[in-house]
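Work through the following exercises with the sequence and the model side by side. Each task is followed by a solution that goes step by step.

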Amino acid sequence: MPITCEFEYHKPKSLPEAIEILSRDGKNASVLAGGTDLLVWMKEGLRAPSAVVDVKGIRELHSLEASDGSLLVGACVTFTELLESAVVRGRLPLLWECSRTVASVGVRNRATLVGNICSAVPCLDSAPALLAYEASVVVEGPVAQRQIPVARWFLGAKQTAIRAGEMVSGVRIPLPDRKNGTCYVKLGRYRGEDLAQVGVGVLALEDREYRIAFCAVAPAPARATRIERLLNGRDLSEDLIHQARELVSQEIRPITDIRASKEYRTHMAKVMLERGLRAAVERMAGAGPALGESVI
């Protein structure tokens, strides 16, 4: 399917040059990094930008660097690069596990983490990890840089907190300084490339702190704050897990669509939360399923 809309193509060599173009064209300009969503939307007529700003030539946007207790993931860093990073696998295993489930090998070679959160589809796989790690989105604009907590980034389906004339230059993720265990559980219709019907990320920290985030079961991915309050400060038990399962229906707002009914999504979210919690706690103790091994 060809792209039928007309647009100006820009390939800036610096971040200030990119911001200048975007501030001039405003909402009518689109940033191109991996292009795995943008080009599809343009071909399908869902987006018709007047300008496309290709940022792949900006060297600093390819940075994947750990410093000062956090990891900065530049706007052009692909999911394959995240999977190949020893820092991501060793210090941010929930992000590694989420990245492993994104689409196919070919797509992961092109698709970027920043592009994923800018597309902001409800089922984006990277969101549970970023929410659990309490990451910040680094936004560059004509006046100043902003750092937006990822919990305030997603405003709805395909809606984010970015403003006209701005672009995301990266994501900053704090590196946990406590012993922890993680698990990302994704439900799809089949093995291989598929969008999530339900996704849940679990981060269990050694002082009985639990961070839980869902995707694909509401207009925007979000932390499960009621469940976290129930769990925090307590050891997992059968009764506590049962109580947590019962709170799932208060945390999510699934819909019925071609991929699953809302009833099925709700039921599976409860099953996935339980298995994700058990796996995260087991992994923290040095046991449980291997990283990347499915628990459903």
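**Exercise 1. Find how many salt bridges the whole structure holds, and examine the pair K56 and D54.**

Step 1. A salt bridge is counted when a side-chain nitrogen of Lys or Arg lies within 4 Å of a carboxyl oxygen of Asp or Glu, and a search of the whole structure with this criterion finds 18 of them. Side chains of opposite charge can pair when their charged atoms come close.

Step 2. Before any pair is examined, note that this is a predicted model, in which local features need pLDDT of at least 70 and side-chain atom pairs count only at pLDDT 80 or more, while totals for chains, interfaces and linings use all residues. Residues are numbered from 1 along each chain as its sequence is written, and side-chain values use heavy atoms, with hydrogens and water left out.

Step 3. Between K56 and D54 the closest N and O atoms are 3.0 Å apart. D54 counts as buried because its relative accessibility is 3%, whereas K56, at 28%, is partly exposed; here buried means under 20% relative accessible area, exposed over 50%, and partly exposed in between, with a 1.4 Å probe and protein chains only.

**Exercise 2. Determine which parts of the chain are tied together by the salt bridge of E134 with R211, and which parts are linked by R245 and E274.**

Step 1. E134 and R211 form a salt bridge whose closest N and O atoms are 3.8 Å apart. E134 sits in the loop between α8 (127-132) and β6 (136-140) and R211 in strand β13 (residues 209-215), so the pair ties together parts that are 77 residues apart in sequence. Helices (H or I, at least four residues) and strands (E, at least two) are DSSP runs, numbered from the N terminus.

Step 2. The accessibility of the two partners can then be read: E134 is partly exposed at 40%, while R211 is buried at 11%.

Step 3. The side chains of R245 and E274 meet in a salt bridge at 2.8 Å, N to O. This pair also links distant parts of the chain, with R245 in helix α10 (residues 238-251) and E274 in helix α11 (residues 262-284), 29 residues apart.

Step 4. Salt bridges with shared partners join E134, R178, D207, E209, R211, R223 and E228 into one network.

**Exercise 3. Is K13 buried or exposed, and is H10 buried or exposed?**

Step 1. K13, in the loop between β1 and α1, is exposed because its relative accessible area is 73%. Apart from neighbours within four places in sequence, K13 is in contact with G57 and I58.

Step 2. H10 belongs to strand β1 (residues 8-10) and, at 16% relative accessibility, counts as buried. Beyond its neighbours within four places, H10 is in contact with I21, R24, A51, V52, V53 and D54.

**Exercise 4. Describe the overall dimensions of the protein, and compare its radius of gyration with that of a compact globule.**

Step 1. The C-alpha atoms fill a box of roughly 60 × 45 × 30 Å along the principal axes, and the protein has 11 helices and 14 strands.

Step 2. The radius of gyration is taken over C-alpha atoms, and the globule rule is 2.2 Å times the number of residues to the power 0.38. For 296 residues a compact globule would have a value near 19 Å, and the protein has 19 Å, which agrees.

Step 3. Buried residues make up 53% of the 296 residues. Of the contacts with a separation of 6 or more, 60% join residues 24 or more positions apart.

Notes: Contact means heavy atoms within 4.5 Å.
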